[in-house]
Amino acid sequence: MKYLLMTYGNQEKWAALSTEGWTEAVAQQDAFNKRYQETGELIGAYGLGDAAVSRLVRRQEGLPAVSDGPYLETKEYMASFYLLDCENEQRALAIAADMPWADREPVELWPILHEAN
């Protein structure tokens, strides 16, 4: 079964980290990624750009209409996402709980119900 893990953040949170804190956070995340890539359960891990560089795309009269994003006015935005392939939900929950910042920030877990071929 495949699952999507999502983490959230904002510029204020990133700016509050010292250089050493940022380096440590990246090292912890890299170790997490490597551990679950080696088990074959982590298919991909993707960090996203800041909300200031996100774009909304709509179609108007058959042409793309692009505006600044994100869609919702919110303090937090999706910072990264991870694609898992686990034997069951309990295993996916255990991996989500092992996320380096899970003791400070929630990690969303979504089952993937359909995969396009």
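Which residues do ring pairs link into a cluster? They are Phe32, Tyr36 and Tyr82. Rings of Phe, Tyr and Trp (its six-membered ring) pair if their centres lie within 6.5 Å. Planes under 30 degrees apart count as stacked, over 60 as edge-to-face, and the rest as tilted. A search of the whole structure finds 3 aromatic pairs.

The model is predicted: local features need pLDDT of at least 70, side-chain atom pairs count only at pLDDT 80 or more, and totals for chains, interfaces and linings use all residues. Residues are numbered from 1 along each chain as its sequence is written, and side-chain values use heavy atoms, with hydrogens and water left out.

Now the sheet. It is open, with 4 strands in the order S2-S5-S1-S6 and antiparallel pairing. Strands (E, at least two residues) and helices (H or I, at least four) are DSSP runs, numbered from the N terminus. Two strands pair if DSSP finds at least two bridges between them. At the edges lie S2 (42–47) and S6 (108–111), each pairing on one side only. Neighbouring strands are turned by 20 degrees against each other on average, direction ignored. S2 and S5 pair over 5 bridges. In S5, leucine 83 is the bridge partner of glycine 44.

Two helices lie across these strands. H3 lies across S1, S5 and S6, at about 25 degrees to S1. Axes are lines fitted to C-alpha atoms, for helices over the stretch in contact (heavy atoms within 4.5 Å). Angles run from 0 to 180 degrees between N-to-C directions.

The largest nonpolar core has 12 residues, among them Phe32, Tyr36, Leu42 and Tyr82. Such a core is a set of buried Ala, Val, Leu, Ile, Met, Phe, Trp, Tyr and Cys residues joined through side-chain atoms within 4.5 Å. S1 (2–9), H2 (19–38), S5 (77–85) and H3 (89–97) each give two or more residues to this core. H3 gives the largest share, 3 residues. Leucine 42 touches Asn33, Tyr36, Gln37, Tyr82, Leu83 and Leu84, not counting residues up to four places away in sequence.

Next, a loop. Glutamate 61 lies between S3 (55–60) and S4 (63–68). Most residues other than glycine have a negative phi. Glutamate 61 has a positive phi of about 55 degrees. Its relative accessibility is 82%, so glutamate 61 counts as exposed. Buried means under 20% relative accessible area, exposed over 50%, partly exposed in between (1.4 Å probe, protein chains only).
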